[in-house]
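Subject: Structure for you to look over

Dear colleague,

I am passing on the structure we talked about, together with notes on what turned up in it. Please keep it open beside this message while you read.

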Amino acid sequence: MIDMKKMTVSSSPQIHSADSTAKIMWTVVLSLLPAGIWGVFAFGMTALIVILVSITAAVASEALLGLIDKKMTIGDGSAVLTGLLVGYNMPPDLPLFIPALASIFAIVVVKWSFGGLGANWMNPALAGRVFVFFSWTGSMTKWLLPSMNGADAVTGPTPLGSLKSAYFATSLNVSGPIEFLQSEGLPVTYKDLFLGNIPGSIGEISALLLLLGAVFLLFRKIITWHVPVSYIGSFALLIWIFGGLRMGTGLFSGDVLFHTLSGGLMLGALFMATDMATTPLTEKGNIIFGLGCGFLTFLIRIYGSLPEAVSLSIIVMNIFVPVIDRYTKIKGFGKSTVKEANGE
Amino acid sequence: MSKFKTFPKGGIHPPDNISSTGDTAIRNASLPTKAVIPMSQHIGAPAKCIVNVGDTIEEEQIIGESAGYVSVPVHSSIPGKVVEIKDIYLSHGKTSQAVVIELGGEFKRMGKTQQAKSWSSLNDDEIIKKISSMGIAGQGGATFPTHVKLILPEGKDCDYLLINAAECEPYLTSDQNLILEKSEEIIEGLKILKKLLTPKKIIFAIENNKMASAKAMSDAVAESDLDVDVEILKVKYPQGAEKNIIKSCTGREVPSGKLPLEIGMVVLNVETVFSIYEALVFDKPLVERIVTISGGAVKSPKTLRVKIGTTYRQLLEECDGLTEEPVKVISGGPMMGFGIFDLDTPVTKGTSGILFLTKKEVKAAQQTSCIACGRCIKACPMGLNPSEMNKLTLNFLFEEAQDMGLLDCMDCGSCAFVCPAHIPLVQSFRMGKNQLRAIMMEKKGANR
Ligand code: SF4
Ligand code: SF4
């Protein structure tokens, strides 16, 4: 009635929570889908092709490396996720070898050469993006206008990109970014920014759908609030205080809403800066990490000349993770009492 | 916020699965026709076998003598004849000598009315001697000889006597069932312990998913003249771990590497208190215990009073067998228990439960490399970094792992339970601790 030879005899614990690596990865993929579908809807088939090429290149790289290592790891979903994120960080219309190279760089150089899943210290998708950005800057900054308004693939600058030109004007007479863009003939509303009716990278434009995805992940306990809140919060605070300076409107006049909804902030803060492998281990560490990201993003966006604020900030903070981890260690149980007892 | 106390750091919430046996009455398992009684049923030196094949044995006769200070005798749970003495595997995978007794002859206690004796005239030494000679060892799972815990070293006082009825392992309900039926006897046991230890305070700690038992205990306390704090704790695993339950109830932290007595605490499992009661009042040795037989694959889960030496196979039959094929048979709870590979393994003093778990309950999955999610750190009730410790032990850097607190790990399994990469963390820590102890012994030897 019971075949004891078939029983699993293993070390305790004998039961396990329902989560697994693969489940986590596929759930993140799922949570990102709405934002991507919106991107394809906004920019057309070229966007879909860019995403598919990114995923294919990432999975193929992982499979090839798996053959060499004799360890097939495609099933865990992490390569698909990396490819998807590379695709989301690409402009919708560019030569296809660029996303392919970005994915290959992400998997081969960043992920595998540092020891594979979980051992890489830099976010692979972001590293891939930054790599191709500096190599093919022209293609990486050519944006399509969303086709919702009936127009065919027309190119145009992103709201954030055109705002940068304002910083170098000698005199401005506007109340903030929205009015400036209006005066430049590129009108955009907060609603456009929130829903994603703006040019930008494929997966970053819809703040609404990204937020929904993140809420889903919070609910599934795959991400915690610490990084998103400290990142977006510190960034918003700095923008509010100092963001108006470059527009000539003085302190405490920054347009918080415009800045949090534009660029790659939402995608970055919700999905890239929450990557488990490349962020600190403890809650306190994650808050410090988020604050650092917020500060750097503010600095680069308002005072830097590069449009890569979010990617660069997260990558720079990735480098600091080991240091943060070292200084945010949890105090072991029964350790403090020993010290106090000795201190007497 | 909840009014129930708990420990602050770490801990997890596995499904408790206690409903199938939680409110049922304890029933007597039928007698084993052959009892297999191991000599090694407690931590410390195994008892020394003093019977031979062919001997006729009385019920409760000593068949194994205590073999040292940290050791207790072993009694026969049934009358009969020794038919075999052999080495067997125990549930934790180690071997032990065992005496096989075939049932026969007359019971001198079972089925007869018992005469309660007064223990109040006994002095402390006599009480301790009785507890040790009746073979009592902790029945919560660790099976440390109880008398050793009760002898306070010179200059140490017992501030708190803490009775651990948290029973935080999922599925297990033996303690919970026992409290429902024997709360007055437990109070009597506490009186004995109070005389012995003269604690400033007695705390009875139980989790808030066993409110009926908590109430039974509170009522019994109210009716008695004994002062006991019934402390209801939040359900959280491992609430019943000694260091954690002390923290939850008193806020005190047992220093790393030290015993509870260091901070004036004596912690005993509730069933052990009941056994102390039976030993002192009825001269009854530890020859039976309460065992929960449960798990999704068992047809009728039950809590049974079982004679030591009864095989798992017989108990499974007593629960009407299986409804489906299990993937694991566990001795003890699912978090710290052992998978067994032989149904003829006997129940010992430390067997709190026998579980037949289905695939759905076990939730095994493909192991991947660590994804650095930090969940294990959040789950560890000892404030350790399991992920890092695991990497060190796997690279044989045992002393570096100890710098991170490896020896503070109590194998509770919280880390491995939550690890999405399904890394066998506890297995690696067990191995690491064994290696580390060997290294430390060697160093000690070299210094001499
Ligand atoms: S098994 Fe050890 S390391 Fe893991 S959670 Fe328990 S005490 Fe912490
Ligand atoms: S829970 Fe598992 S995967 Fe996550 S950090 Fe710990 S060891 Fe790594």
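Which element gives the largest share of the lining of the largest cavity? Before the reply, two remarks on conventions. The model is predicted, so that local features need pLDDT of at least 70 and side-chain atom pairs count only at pLDDT 80 or more, while totals for chains, interfaces and linings use all residues. Residues are numbered from 1 along each chain as its sequence is written, chains are lettered from A and ligands numbered from 1 in the order in which they are written, and side-chain values use heavy atoms, with hydrogens and water left out.

The element in question is α3(A), which supplies 4 residues of that lining. Helices here are DSSP runs of H or I with at least four residues, and strands are runs of E with at least two, numbered from the N terminus. A cavity is a set of points, on a 1 Å grid over the protein atoms alone, where a 1.4 Å probe fits but cannot get out, whereas a pocket is an open set with protein on both sides within 12 Å along at least five of seven lines; lining residues have an atom within 4 Å of a point. Grid points are joined across faces, edges and corners, and a volume is the space filled by probe spheres set on the points.

At least two lining residues come from each of α1 (21–43), α3 (78–88), α5 (124–135) and α13 (265–272) of chain A. By class, the lining divides into 17 nonpolar, 6 polar and 2 charged residues, where Ala, Val, Leu, Ile, Met, Phe, Trp, Tyr, Cys and Pro count as nonpolar, Asp, Glu, Lys and Arg as charged, and the others, Gly among them, as polar. Because domain 1 (21–140) and domain 2 (158–328) of chain A both give residues to this lining, the largest cavity lies between them; the domain bounds come from an automatic or database domain assignment.

The second largest cavity, of about 80 Å³, has 13 lining residues, and those nearest its centre are Cys380(B), Cys409(B), Met410(B), Cys412(B) and Cys415(B). Two or more of its lining residues come from each of α13 (414–418) and α14 (425–447) of chain B, and the lining comprises 10 nonpolar, 2 polar and 1 charged residues.

The second largest pocket has a volume of about 930 Å³, and among its 35 lining residues Lys221(A), Ile222(A), Thr224(A), Arg375(B) and Lys378(B) lie nearest its centre. Its lining draws most on α10(B), which gives 3 residues, and by class it has 17 nonpolar, 9 polar and 9 charged residues.

Ligand 2 has a shell that includes Cys370(B), Ala372(B), Cys373(B), Cys376(B) and Cys419(B), a residue being near a molecule if one of its heavy atoms lies within 4 Å of it. That shell has 9 nonpolar, 2 polar and no charged residues. Ala372(B) also has a positive phi, near 55°, though it is not glycine, and at 12% relative accessible area it is buried; buried means under 20%, exposed over 50% and partly exposed in between, with a 1.4 Å probe and protein chains only.

Chain B also contains an open antiparallel sheet of 4 strands in the order β2-β8-β7-β4, whose edge strands are β2 (34–38) and β4 (56–57); two strands pair if DSSP finds at least two bridges between them. β2(B) pairs with β8 (95–103) over 5 bridges, with Lys34(B) partnered by Glu102(B) and Pro38(B) opposite Ala98(B). Since 4 of its 5 residues are buried, β2(B) is largely enclosed by the rest of the structure.

Finally, some backbone details deserve a look. Most residues other than glycine have a negative phi, and most peptide bonds are trans. The bond between Ser12(A) and Pro13(A) is cis, with omega about -5°, as is the one from Tyr237(B) to Pro238(B), with omega near -5°.

Best wishes
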